[in-house]
Amino acid sequence: MAVRHQLIRRPPAEVWAVLADGSRYGEWVVGPDSSRQTDGDWPRTGATLEYTVRLGPWSGTGRTVVRDVEPPRRIELEAESGRLGTARIAIEVRPWGENSLVIVDEHPLRGPGGRLHNTALDSLLQLRNRKMLSRLADVVESTSSRSAERT
């Protein structure tokens with residue numbers, strides 16, 4: 001299991017505002033080039049986002065479904081990547097003083113990733129999630145800084 005955490009220097013409500021905005025998914029998630037809401041009202045259970053992933057000349061599409069949510073504390077997603085299978089991604093936002101501790105727990109669920117799950121794959125997920133949490137912190141902290149400057 002790939003579990004990572006990040007201290008974000010903003011209160012949980014500001015972190016949740018970014019997580020709850022489906023149009024911002026591509027800003028903090030590592031991989032998607034663009035995203036669009038397709039079903040439901042993000043981030044309610046059952047809502048989906050579709051996205052495009054580009055790696056050099058290769059591009060593919062994916063879909064993420066909200067499987068469970070407890071605003072503003074937790075969201076559980078299932079990322080579907082076609083023939084590669086699916087992954088469960090749980091994101092928890094905890095108050096940490098005036099800040100937020102964000103914990104991501106990701107693991108392959110179905111398909112080849114689920115069958116071939118091993119420590120090497122977990123290592124790759126750790127690297128990806130470290131980058132994702134860093135991007136989330138940057139988005140949250142820069143968004144709230146811009147909001148403060150406007151007031």
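In the predicted model, the largest pocket is lined by 31 residues. Ser81, Leu84, Glu106, Leu125 and Arg128 are the lining residues nearest the centre of this pocket. Its volume is about 940 Å³. Two or more lining residues come from each of the strands β3, β4, β6 and β7 and from each of the helices α3 (residues 111-115) and α4. By class, the lining of the largest pocket comprises 17 nonpolar, 10 polar and 4 charged residues.

Rolling a probe the size of a water molecule over the atoms shows where empty space is left. The count comes to 2 cavities of 30 Å³ or more. The largest cavity holds about 40 Å³ of space, and its lining consists of Tyr25, Trp28, Val29, Leu77, Ile89, Ile91 and Met132. Helix α2 and strand β6 are the elements that give two or more residues to this lining.

In soluble globular proteins, nonpolar side chains tend to be buried together. The largest nonpolar core contains 29 residues, of which Leu19, Trp28, Ile75, Ile91, Val102 and Leu136 touch the most other members. At least two core residues are supplied by each of α1, α2 (25-28), β3 (48-55), β4 (58-70), β5 (74-80), β6 (86-96), β7 (99-110) and α4 (119-150). Helix α4 provides the largest share of this core, 6 residues.

With residues up to four places away in sequence left out, Trp28 touches Val18, Leu19, Ile91, Met132, Arg135, Leu136 and Val139.

Two of these contacts, Val18 and Leu19, belong to the buried residues of helix α1 (residues 12-19), which are Pro12, Val15, Trp16, Val18 and Leu19. Seen down the axis of α1, the buried residues fall within an arc of 160°, so they line one face of the helix. An α-helix has 3.6 residues a turn, so residues three or four places apart point the same way.

Key: Residues are numbered from 1 along each chain as its sequence is written. This is a predicted model: local features need pLDDT of at least 70, side-chain atom pairs count only at pLDDT 80 or more; totals for chains, interfaces and linings use all residues. Side-chain values use heavy atoms; hydrogens and water are left out. Buried means under 20% relative accessible area, exposed over 50%, partly exposed in between (1.4 Å probe, protein chains only). Helices (H or I, at least four residues) and strands (E, at least two) are DSSP runs, numbered from the N terminus. The arc is that of the directions from the helix axis to the C-beta atoms. A nonpolar core is a set of buried Ala, Val, Leu, Ile, Met, Phe, Trp, Tyr and Cys residues joined through side-chain atoms within 4.5 Å. Contact means heavy atoms within 4.5 Å. On a 1 Å grid over the protein atoms alone, a cavity is a set of points where a 1.4 Å probe fits but cannot get out, and a pocket is an open set with protein on both sides within 12 Å along at least five of seven lines; lining residues have an atom within 4 Å of a point. Grid points are joined across faces, edges and corners, and a volume is the space filled by probe spheres set on the points. Ala, Val, Leu, Ile, Met, Phe, Trp, Tyr, Cys and Pro count as nonpolar, Asp, Glu, Lys and Arg as charged, and the others, Gly among them, as polar.
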